[in-house]
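This report looks at how the parts of a structure meet. The sequence and the model are shown first, and the description follows.

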Amino acid sequence: MKFKIMVCIKQVPSSTEIKIDPVTNTLMREGAENIINPFDVYAIEEGVRIRERLADIPELETETVAVTMGPPQSEKILREAISLGADKAVLLSDRSFAGSDTLATSRVLSAAAKKISDVKIIICGKQSMDGDTGQVGPEVAQLLGFPFIGYVSEVRSLDNKKILLKQLKEKKYDIIEAQLPVVISVLKEINNPRIPGLKNMMKAKNASIETWGIKELMIDASKVGLDGSATRVVKIFKHEINSNTKMISSDLKAQIDEIYKEIFTYDKN
Amino acid sequence: MEIKVKENCTGCGLCLKVCLYEAIKIVNKRAVINENCIFCGACVDACRFRSIAITGPETKKYDFSDYKGIGVFIEISDGHINDSSLELMIKAKELAKELKTQVYAFIAAAGVNSYFQELCDYSADRIIYAETGEGKEINEDALKELLTSMISTIKPEIFIAGATSLGRSLMPAIACSLETGLTADCTELSIDADERILLQTRPTFGGNILATIITQNCRPQMATVRPHVFKKNRIEKSGIKDLKEKGRHFLSDFSDILKNLKTKLKLDESMEDFQEKINLNDFDVIVSGGRGVGGEKNFALLKELADILGGAIGASRAAVDSEWISYPHQIGQTGKTVNPKLYIACGISGAVQHLAGMQTADRIIAINKDPDAPIFKVADLGIVGDIFEVIPALVKKIKEEKS
């Protein structure tokens, strides 16, 4: 029996620092390199650990597959995923994917899960560092008809039929049993990702990574990319930070009076 | 939709600088746009030669006249309606006035009718409900099916929920079933009344920029909203003592749907194994400490201040990583995002990741020794000083004034 674990990762800029061009007054991203979304590193590690934990179930063929949707250069993060222990990786890249919102992205990822076939667990990071939505996991689950369990802090136990998870809620943890297949999103506290070993680094360097586009995934171009997206960004602007800070640098008494005023005058409003 | 670079491009590279998505390269002295492009139009605005143009597909006119009203998901925890849901009821009423439409509350709970009066006080024009049965907690799997069928029957034009852990997990699944758009974690909602479009503004890139997003061609327009962004004003009692006065269309019962739902999830147990039970978003005041606090014991100082203000303790990642205080207190990109009325940052330098979690607070007071600490840039009041002098003196003054 085949048991595949799919890990969804995303390429993000290493810094989310944004500056304003003083001349044109427009937004500028600092020339930063692209990295694996930091939250996804925990997803990769958990995908590898789950495969390792299933190793003693006889006749179970397990495989951890890292998947990303992005431009051709995102191949780099897929190789990194292999160096972190993934068995193989697939790049989902096509000009018509450009401008996809979370719904369109989820259509591509769920089509990939179907093509990979025998996917029992899909793992995502909590959210991406650049978009911060955390929506792709639950949407992929919905499209595939799998249950979704978000904010997982521990995989208590699992076999080839079900999984027992510890899920962080607002003020408590729930222990949830789910029938496979499932989609989960994991928190930073779930594991400590390993450092790539030499063997895996070599494997990553030499791995051949397939690229799938709309043809391979058999999806309709009108369902992906900007045309297939339900939402559209109409304006992007810099967060107005308060530049009218009232600074008080000396005289403890004046400082205390000012804080007192700030706390209690405001309170009455 | 297409983006084109015209012949008159000089390859000056202005567009390169403004592109947040690394979608532009200069090849042979001309801008070339690649598939990273999300058509945000930043390059179009930046180009001094008007060389870049975005052409849209023919915009089809959709008929959304079936869709009416603003739906709000009412979240229940520990037998109460969440504050975030009540905040949304108030905001929904505001938006509804602009659209000249009604507000619908969507609720599923045990003993659901006990919440009707409060929803009525918060000016619900209609309640769409399901009784889950006494003592039973409905699981997420079932709840999303239930809400999906409620929404597809009632057809609100807008549907909003709090960006709580439940909201952020349920809403994407519902939006996906309904094949409509969803904007996560909004900090501002407004209306384009002519087009009946909800303008959804949210922080992105770690809170460094804001993006306004619309759902043009699908309904409902869905969004989750950060708790505490909108005010939970005190409300006027509706004065309606008997809900029957509202007429027979006021209540819509969907309890039957629950009977046939199968779920693949089973709740084994719930544990409250935090060292302290804390949800920072329950508090109006947060006193937060960073590296400058210097040690676990010194957090007692902050606690004293927080206690007299009825607030909670927050922390920067530096303080949590040093194990001075536990993770549920962490504020910032890898911790919680908070929107209190008052945020007092003590000995926090203000790394961009921390600012991402707190800069939407109403009022920010920062106390730090270093006059150049970035935290001062977001503060309303900046105190350059030693927290070990300032905080005890402040506590003393507050106590004196009180007595």
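## The interface between the chains

In this predicted model, chain A and chain B bury about 8,900 Å² between them, of which carbon and sulfur atoms give 56%; buried area is the accessible area (1.4 Å probe) that two parts lose on being put together, summed over both. The contact, meaning heavy atoms within 4.5 Å, joins 93 residues of chain A to 103 residues of chain B.

## Salt bridges and paired strands

Five salt bridges are found across the interface of chain A and chain B, a salt bridge being a side-chain nitrogen of Lys or Arg within 4 Å of a carboxyl oxygen of Asp or Glu. One of them links B:Arg363 with A:Glu262, whose closest N and O atoms are 2.9 Å apart. Helix α7 (residues 252-267) of chain A gives the most to the side of chain A that touches chain B, with 11 residues; helices (H or I, at least four residues) and strands (E, at least two) are DSSP runs, numbered from the N terminus.

Strand β14 (residues 231-238) of chain A also pairs with strand β14 (residues 209-215) of chain B, in the antiparallel sense and over seven bridges, where pairing requires that DSSP finds at least two bridges between the strands. Here A:Thr231 stands opposite B:Thr215.

## Notes on the model

Residues are numbered from 1 along each chain as its sequence is written, while chains are lettered from A and ligands numbered from 1 in the order in which they are written. Local features need pLDDT of at least 70, side-chain atom pairs count only at pLDDT 80 or more, and totals for chains, interfaces and linings use all residues, with side-chain values using heavy atoms and leaving out hydrogens and water.
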